[in-house]
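Open the model in your viewer and keep the selection tool ready. Each stop below gives something to select and what is there.

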Amino acid sequence: MDVIANLTYGFGLVFTFQNLGFCLIGCMLGTLIGVLPGIGPIATVAMLLPATYGLDPLSSLVMLAGIYYGAQYGGSTTAILINMPGETSSVVTCLDGYQMARNGRAGSALAIAALGSFFAGCVGTVFIAAFAPILAALSQKFASPEYFALMALGLIAAVVMARGSVLKALAMIFAGLLFGIVGTDVQTGLARYTFGISELWDGIGFLPVVMGLFGIVEVVMNLERPQERKLLDTKITGLWPNMQEFKQCWPAVLRGTGIGSLLGILPGGGAVLASFASYTTEKRLAKDPSRFGKGAPEGVAGPESANNAAAQTSFIPLLTLGIPGNVMMALMMGALIIQGMNPGAAVLDKRPDLFWGIVASMWIGNLMLLVINLPMIGMWVKVLKVPYRALFPIILVLSLIGIYTINNSLMDIWLTAFFCLLGYMFVKFDMEPTPFVLAFILGPQMEDNLRRSMTLSRGDPMIFVNRPITLTLLLIAAFVLLLVILPSIRKKREEAFQE
Amino acid sequence: MIRLKKPQDLGAAILFILLGCICLWFGRDYRFGTLARMGPGFFPLTLSWLLIGFGIVIGGLAFSFSEGPKVATPNWRGLSIVTVAIILFGALINSAGLLVTAFVVPLIAAFASTEVRRKEALILSAIVSIACVAVFVYGLRQPIPVFFGDY
């Protein structure tokens with residue numbers, strides 16, 4: 001079997017004492033920062049990214065995987081213990097996780113989340129190993145029109161996932177694409193929108209945008225909200241779920257993993273959709289749906305597995321097509337590029353060591369989480385008790401040092417301030433930052449592919465219709481967009497978001 | 001009577017139109033080209049017009065149909081102090097070095113919260129400053145100036 005041979009190859013590369021050490025450090029740092037209330041996984045990874053720069057590519061990827069899963073798990077921990085979701089995909093975990101904690105089953109809820117995530121992570125890893133090469137082979141046939149259509153689909157999917165007005169989300173895409181254009185035009189060498197600043201010739205840095213819009217705005221918004229933290233005083237006893245809970249959970253874990261693995265591949269925030277879908281599925285299938293919202297263990301097990309499976313498989317479009325499906329993947333893309341590897345179909349061909357190394361490190365990241373983090377839960381809980389007024393100045397200065405160290409560029413600091421102000425307006429005017437960031441990342445590639453397509457067809461837009469793959473992708477995009485615009489479905493979507 | 005029903009959407013629309021206009025103005029000299037041979041202006045200028053168009057529609061719709069949420073009052077204290085702290089970081093890091101910067105920035109930032117406690121902020125900033133130098137400069141060996149004149 002190719003899958004097994006490839007995975008073995010990957011594990012062989014990653015399993016060194018040194019790499020495991022880096023993974024452990026990454027995992028702990030990720031959880032440490034991720035567990036802090038009000039700091040989502042995106043901000044956590046962005047903040048810790050600089051810690052991985054100095055390492056060789058493989059070690060840095062292993063450490064990054066540790067940080068990523070640590071951050072994810074940290075988010076689930078805050079959701080369960082203080083009812084504060086770090087990101088949208090752990091909103092669902094709050095529903096039953098926090099109730100379980102109130103019923104004195106906090107330890108069990110945390111263990112269920114970790115075990116479910118681990119199982120989902122294992123399946124997700126195999127899923128990637130099995131499907132990524134197929135998709136990569138398929139994408140070898142892709143030319144510029146296909147890539148353009150694929151990116152259009154990805155961006156439209158981000159619009160669909162965004163809450164609120166579709167028109168606004170579409171406009172956010174145009175705005176993001178415009179910000180992505182800043183820099184030297186690849187084809188003519190013209191510096192566009194650089195205002196005579198030489199630091200902008202390479203374009204706007206990626207980390208200032210993400211940290212400004214997500215990390216620092218989050219800090220400001222947390223200052224606005226009254227800090228009501230209902231940390232339960234009860235000691236966490238019994239880290240293991242009892243037999244009854246175990247029996248209730250395992251089918252939910254299986255279903256959640258399945259749902260998550262499939263939805264994760266979809267562009268535009270599969271993890272969110274997966275955890276919601278899993279929760280509704282569990283509620284529908286349950287013999288007594290009224291238990292949900294009152295501490296049903298399936299309500300934690302399903303969505304947490306789905307979330308993690310999707311987090312895993314969302315690497316597939318990034319690694320095979322070079323297209324990030326959500327902001328976290330965009331961050332990963334940035335990290336990979338810094339390590340000198342441009343995600344896309346070519347990686348599998350040219351650097352199979354890196355590709356399989358990443359896949360293997362994901363699994364190790366998951367394992368670390370289970371064997372190291374779970375027993376240390378008591379320590380993480382203590383971190384939760386640090387008051388916010390003492391935390392956020394530290395978070396701010398660490399983020400700034402992180403941004404500064406990428407290029408030792410002051411420009412990146414000014415940009416961070418700019419995007420912090422812009423992001424604040426986004427929040428106040430209810431504008432979704434996710435489509436903006438994805439469009440910002442894809443902007444240069446999208447323009448390039450559009451221009452190439454048009455050169456290829458000598459200016460005939462029919463090129464997008466005459467090629468079957470392109471046509472299919474664009475039709476799906478149009479169809480999906482139509483779905484959200486139609487009023488009846490729009491109502492349902494709003495209901496889904498409310499739930 | 002025309003009445004503003006969705007203030008948030010109006011704010012968004014103004015931002016979109018403003019951005020579109022800025023990009024149109026500064027991109028006015030970029031060659032547009034033709035479909036077959038797109039110039040550097042094709043993509044940005046088309047996007048700018050789209051942005052302005054969408055902005056107008058969103059702004060117009062803000063005056064009709066259903067009522068939307070109000071724009072929440074901004075927390076000027078939090079936003080301005082955090083922004084000042086970021087700018088201070090940029091202003092100080094190369095001239096004064098990390099030791100001073102990592103002390104001043106968290107100290108100023110602490111005042112963004114209304115719950116700030118002066119003594120606590122002072123002690124905390126001092127610890128942060130020393131820890132940052134230890135971790136980033138001596139631990140991770142990042143090329144950051146530490147003291148005055150190191151740059």
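Select H12(A): 16 of its 16 residues are buried (under 20% relative accessible area, with exposed over 50% and partly exposed in between, using a 1.4 Å probe and protein chains only). Helix H12 of chain A covers residues 298-313. Its 22 Å from first C-alpha to last is close to the 22 Å expected at 1.5 Å a residue (1.5 Å times one less than its number of residues).

This is a predicted model, where local features need pLDDT of at least 70, side-chain atom pairs count only at pLDDT 80 or more, and totals for chains, interfaces and linings use all residues. Residues are numbered from 1 along each chain as its sequence is written, chains are lettered from A and ligands numbered from 1 in the order written, and side-chain values use heavy atoms, without hydrogens and water.

Now select the whole of chain A. Find 23 helices and two strands (DSSP runs numbered from the N terminus: helices are H or I, at least four residues; strands are E, at least two). Its radius of gyration is 22 Å, close to the 23 Å that the globule rule gives for 499 residues, so chain A is as compact as a globular protein of that length (taken over C-alpha atoms; the rule is 2.2 Å times the number of residues to the power 0.38). In chain A, 62% of the 499 residues are buried.

Move to chain B. Here are five helices and zero strands. Its radius of gyration is 24 Å, well over the 15 Å that the globule rule gives for 151 residues, so chain B is more spread out than a compact globule. Its C-alpha atoms fill a box of roughly 55 × 45 × 20 Å along the principal axes. Of its 151 residues, 46% are buried.
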